Amino acid sequence: YHYRSKLPETYHAEAVVKIGKKVRLMSSVSNSTDIGGLFEYIESPELLEQTISLTFDDKVKESLGYHLSVTRVGTLGMIRLKLKGPDKGVERVLIGLVDILIDEHRKKANDSVVAYKNCMKVLDADAKMIQKAIARTEASIKEMKRKEGEYLVNIESSRKEILVERNGGDR
């Protein structure tokens with residue numbers, strides 16, 4: 001009698017996740033016309049690769065006997081998640097992991113929008129204050145020019161009076 005042992009089956013699930021971008025808040029205004037420079041990844045691909053491995057690999061390994069590998073896809077803002085394990089649950093677990101990532105990034109994107117809107121409110125208030133200061137300066141300049149005109153008229157009138165007096169008045 002010949003006994004054949006069956007090798008354990010290994011199930012695989014794989015997903016590629018694109019990392020979203022958010023508007024970068026800059027401390028100074030740039031004259032650059034590079035629109036691409038206005039955005040940054042919600043989370044750096046390199047950091048995300050390390051974070052996912054550290055956060056989830058031990059959890060899925062200890063509780064389910066799965067192995068998670070996380071790699072960056074070239075220089076793109078994408079990461080590849082591969083989950084291997086002894087049962088078909090790898091797909092369900094990987095979908096759950098991707099959902100967690102999407103949810104975390106959605107929260108970060110929403111926080112970014114709130115920060116952006118607050119920044120825009122501050123910049124708008126600053127712009128209105130500057131516009132008021134410009135209007136006051138323009139009004140002040142107008143008033144100075146008006147007074148200068150009056151002064152020049154007075155000087156001219158005084159000069160004519162002096163000339164009339166020198167010439168002996170009306171003859």
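How many residues lie between β4 and β5 in their hairpin, and which residue in the turn has a positive phi? Keep that in mind while setting up the view: this is a predicted model, in which local features need pLDDT of at least 70 and side-chain atom pairs count only at pLDDT 80 or more, while totals for chains, interfaces and linings use all residues. Residues are numbered from 1 along each chain as its sequence is written, and side-chain values use heavy atoms, with hydrogens and water left out.

Begin with a cartoon of the whole protein, which has two helices and five strands, arranged along the sequence as β-β-β-α-β-β-α; here helices (H or I, at least four residues) and strands (E, at least two) are DSSP runs, numbered from the N terminus.

Next select residues 67–72 and 78–85, which are β4 and β5, antiparallel strands joined by six bridges (strands pair if DSSP finds at least two bridges between them). Within this pair, S69 stands opposite K82 of β5. The hairpin has five residues between its strands, and G74 in the turn is the residue with a positive phi, about 55°.

Now select 89–166, helix α2, whose 78 residues reach 114 Å from the first C-alpha to the last, close to the 116 Å expected at 1.5 Å a residue; the expected span is 1.5 Å times one less than the number of residues. Colour G89, V90, V93, L94, L97, V98, L101, H105 and S112, which are buried residues of α2, where buried means under 20% relative accessible area, with exposed over 50% and partly exposed in between (1.4 Å probe, protein chains only). What covers them includes β1 (11–18), β2 (21–23), α1 (45–64), β4 and β5. Of the 171 residues of the protein, 18% count as buried.

Then show the side chains of I52, L68, I79, L81, L83 and L94, which have the most contacts inside the largest nonpolar core, a set of 20 residues; such a core consists of buried Ala, Val, Leu, Ile, Met, Phe, Trp, Tyr and Cys residues joined through side-chain atoms within 4.5 Å. The elements giving two or more residues to this core are β1, α1, β4, β5 and α2, and α2 gives the most, with six.

Centre on L81, whose contacts (heavy atoms within 4.5 Å) include A13, I52, V70, L94 and L101, not counting residues up to four places away in sequence.

Finish at K21, which lies over the face of Y41 at 5.1 Å from the ring centre; a charge sits over a ring if NZ of Lys or CZ of Arg is within 6 Å of the ring centre and within 35 degrees of the ring normal.
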